[in-house]
Amino acid sequence: MGNGSAAPTGMEKQAMSSDLIAQPSFWPELEPAQPASKVVQPNKVQPNKVQPNQGQPKRVKPELHQPDSIASASSAEIALAAIEAADSIDPSPAPSLVQLPSFRSGPADRRLPERLLILDTETTGLQSERDHCIEIGAVLFHVAERAVLEQVSFLLPCQDNPAEPINGISAAVSRTPQPWQAGLHFFEAMLAAADLVVAHNVKFDRAWFGREPLPAITKPWLCTMEDIRWPPSLRLKPTPSVRDLALAYGVPVWAAHRALTDCTYLAQVFERCGDLDVLLQEGLEPRQLYRACLSYAERHRAREAGFRWNEPLRGAWSRRLSQREVTLLTFPVELADAEVAPGT
């Protein structure tokens, strides 16, 4: 050894070896051998398949004697071991990648949308015939990826805003020079890329489109307040607000009554929905307006089932339902008059 140290004797070697074995070792050869767990490989051997060695004399693999120092073997032994290893390799071709079905595959009436355009409006009042839309917010959301693709928000100029105490947008700010026309063009491009338009209270937001300068929207709509049946475990009201949904899914609520803010809340709720596909599928079921057939004393049953008094059907507890939902009710209902249903 270096530094003038004497070579260890046989007893010292044995002691050193014992010390190494007694301590946790990073050397694999010093660790006790553990039996390998058996992993089942499906379809490793195909039925009725002739294996390479079948019908041939079985080669006897020579036992290689390994001295204490370094293992040694003749060239013939090494060659024979290589042949034996090659025979054990499954000659079957590697399996091809599984082609998963498209997200929009299936019958036309059961297809799910790939891209949602989540939108919201801020307005100067509640009547689309005389008031104006003052702000548009929109988020293009990819369902399968649970991801936001694009988003936009812009103000539309107006002369006055009576709803300023609610949305906080002054008419003077809306008239500040800004590229709102470019924002509107971008919104139209997002709309063209979407399969479905989503809003919270569709009946209100849809009324503003098709009126200058906003484009008409001919694509299908889905209402997150009326059409989606949120899980009962969330303990939400029959018609929850956007903030109710956000808080139920653990989404922080930092502001209210601005268009893009509400769109962001809904997008983050969708990101956290493990059952979003089911919610969308059931939400897109065709619905009709039904009236609850209950006495005054039992009106609480209609309210608990999401029916509303005097809206949209005056003088009755009513709600839009699919045929599947009608069968799940615990009280009788009747279809509303045909002349009333289209306006709901």
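Okay, let's start with a cysteine. C293 comes out as partly exposed, because its relative accessibility is 32%, which sits between the 20% and 50% cut-offs. One thing to keep in mind throughout: this is a predicted model.

For anyone new to the term, a disulfide is a covalent bond between the sulfur atoms of two cysteines.

Next up, strand β6, which covers residues 288-292. Most of this strand is covered, with 4 of its 5 residues buried. And who does β6 pair with? One partner is strand β8, residues 317-321, and that pairing is antiparallel with 4 bridges. You can find L289 standing opposite R320 of β8 there. Another partner is strand β9, residues 333-335, again antiparallel, this time over 3 bridges. Here R291 has E334 of β9 as its bridge partner.

Last stop: T123, in strand β1, which runs over residues 115-123. T123 counts as buried because its relative accessible area is 7%, and the cut-off for buried is under 20%. So what does T123 touch? Leaving out residues up to four places away in sequence, its contacts include H132, N161, F204 and W208. Its side chain also reaches the backbone oxygen of G125, at 2.6 Å. And from T123 to I136 you go 13 residues along the sequence, while their C-alphas sit 9.2 Å apart in space.

That's my tour, thanks!

How values were computed. Residues numbered from 1 in each chain as written. Predicted model: local features only at pLDDT ≥ 70, side-chain atom pairs only at ≥ 80, totals over all residues. Heavy atoms only, no water. Buried < 20%, exposed > 50% of the residue type's maximum accessible area, 1.4 Å probe, protein only. Helix = DSSP H or I, 4+ residues; strand = E, 2+ residues; numbered from the N terminus. Pairing = 2+ DSSP bridges. Contact = heavy atoms within 4.5 Å. Polar contact = N/O pair within 3.5 Å; in protein donor to acceptor, adjacent residues only side chain to side chain.
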